[in-house]
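Colleague: Could you take me through this model, one question at a time, and say in each case how the answer is reached?

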Amino acid sequence: MRIEIDNFDNYRKSCHAFIEREIVADHKIWEENGLVERTFWEKLGQSGLLGMGVSPEFGGLDQHDYRFAVILIEELIKAGVTVPGIVAHNDVVASYIFALCNTEQKKRWLPELCSGKQVVAIAVTEPSGGSNTADIKTIAKRQGDYYLVNGGKTYITNGIHADLIVVAVKTEEGQQGQGISLLVIERDMPGFTRGEPLKKIGWNGSDTAELFFHDCKVPITNLIGRENLGNYYFMSAMPRERLSISAVAVASAEHILQSTLEYVKERKAFNQPIGSFQYNRFILAQLDTEIKIARVYLDNAVALFNQGLFSLVDAARIKWWTTELQMKVADRCLQLHGGMGYMRDSIAGKNWLNSRAQTIYGGTSEVLQEIISKSMGL
């Protein structure tokens with residue numbers, strides 16, 4: 001059943017129905033396996049949940065209002081679904097390919113991405129470093145019509161399932177941040193291998209892997225944009241990625257607070273609901289207020305993004321603020337759940353584990369504060 005996107009309310013209802021029908025029953029198995037079922041991606045594509053911002057000529061729905069992406073994230077979070085794999089495929093990598101690729105490349109890759117017949121990933125982080133692209137050691141040397149790629153990437157979301165991987169490589173020595181290019185490496189290219197799925201402490205319903213390249217032969221037709229401009233492309237695409245992580249953060253904080261409110265009204269200690277104790281009431285009042293501030297902040301950021309006015313510094317600020325708040329909310333709410341919150345299968349326990357990665361990927365909180373402080377002339 002194809003999802004209708006004629007208005008936000010109908011879209012939310014359709015997302016909710018799809019998630020209940022196609023994800024909820026299988027998600028626990030995915031968490032145990034650390035891997036979603038491959039057929040799941042095609043179901044997403046058939047329902048119109050992939051490539052929403054992509055033009056119809058390439059298989060998308062040509063809907064660029066970012067509020068639709070936020071609605072999908074919110075419904076996934078409410079259902080307790082692992083979101084990074086879907087966001088990476090749908091929001092992060094799709095935006096790179098649609099914005100930066102030439103027409104031939106779009107025709108070659110986007111229809112498969114939008115249909116879910118192929119899964120995509122982006123690979124930047126390496127065993128020796130993450131946030132600083134200047135430290136990239138994966139090398140691509142031009143040899144005629146091909147690049148020979150040598151190196152490795154790690155902690156790559158969708159790394160096991162991915163058929164197409166946007167890989168950051170060094171193509172030229174230069175000043176810090178220069179000489180980086182983006183290559184699309186495909187599943188069956190000789191010299192490309194991947195390790196076993198990595199075992200994470202959270203977000204267990206999506207696969208994460210190490211990738212290895214040994215004299216991997218990549219045709220020059222798989223170069224995205226121009227050679228040596230990869231760092232510029234990262235800077236232009238990073239606001240969208242960080243906005244998506246912020247949307248996850250706010251939705252997660254809202255969800256766990258609501259769940260906690262329900263719990264503290266029922267759970268009793270000393271013959272009264274634990275939510276009635278003054279200390280607990282004040283904690284919840286503080287969290288409720290801070291989450292509402294974060295929601296206003298997110299809504300404003302989405303409006304700026306839709307207008308093309310959302311900057312790299314704006315993205316750093318909101319990603320830092322909302323993910324740190326998410327961790328705080330997750331920790332306080334787990335405490336209020338007591339022993340039950342410490343159980344791996346509890347809502348509070350899962351939320352706490354999933355929240356921890358949010359201040360790490362997409363730029364650590366420390367790196368984001370560096371960006372913010374530099375914008376202040378410090």
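Colleague: Is V184 buried or exposed?

Modeller: This is a predicted model, in which local features need pLDDT of at least 70 and side-chain atom pairs count only at pLDDT 80 or more, while totals for chains, interfaces and linings use all residues. Residues are numbered from 1 along each chain as its sequence is written, and side-chain values use heavy atoms, with hydrogens and water left out. On the scale used here, buried means under 20% relative accessible area, exposed over 50%, and partly exposed in between, with a 1.4 Å probe and protein chains only. V184 has a relative accessible area of 1%, so V184 is buried.

Colleague: In which strand is V184 found, and which residues does V184 touch?

Modeller: Helices (H or I, at least four residues) and strands (E, at least two) are DSSP runs, numbered from the N terminus, and V184 is found in strand β5, residues 180-186. Contact means heavy atoms within 4.5 Å. Not counting residues up to four places away in sequence, V184 touches W109, L164, I165, V166, M189, V218, N222 and I224.

Colleague: What radius of gyration does the chain have, and what would a compact globule have?

Modeller: The radius is taken over C-alpha atoms, and the globule rule is 2.2 Å times the number of residues to the power 0.38. The C-alpha atoms fill a box of roughly 80 × 55 × 40 Å along the principal axes. For 378 residues a compact globule would have a radius near 21 Å, and the chain agrees with this, at 21 Å.

Colleague: How many helices and strands does the chain have, and what percentage of its residues is buried?

Modeller: The secondary structure comes to 11 helices and 10 strands. Among contacts between residues at least 6 apart in sequence, 74% join residues at least 24 apart. Of the 378 residues in the chain, the buried ones make up 52%.

Colleague: How far apart are the centres of the positive and negative side chains?

Modeller: Lys and Arg count as positive and Asp and Glu as negative, whereas His and the chain ends are not counted. Each charge is placed at NZ of Lys, CZ of Arg, CG of Asp or CD of Glu. With 40 positive and 44 negative side chains in the chain, the centres of the two sets lie apart by 3 Å.

Colleague: Which residues is R12 in contact with, leaving aside its neighbours within four places in sequence?

Modeller: R12 lies in helix α1 and is partly exposed, with a relative accessible area of 26%. Once the neighbours within four places are left aside, the contacts of R12 are I71, E74, E75 and K78.

Colleague: Where does E37 lie, and which residues does E37 touch beyond four places in sequence?

Modeller: E37 lies in the loop between α2 (24-33) and α3 (38-46), where E37 is partly exposed at a relative accessible area of 41%. Not counting residues up to four places away in sequence, E37 touches W30 and H161.

Colleague: What is the phi of N158, and is N158 buried or exposed?

Modeller: N158 has its place in the loop between β3 (146-157) and β4 (164-170), and its phi is positive, about 70 degrees, although N158 is not a glycine. At 1% relative accessibility, N158 counts as buried.

Colleague: In which loop is G363, and what do the buried residues of α10 pack against?

Modeller: G363 lies in the loop between α10 (347-356) and α11 (365-375), and G363 is buried, with a relative accessible area of 9%. In α10 the buried residues include A348, G349 and L353. The buried residues of α10 pack against α7 and α9 (312-337).
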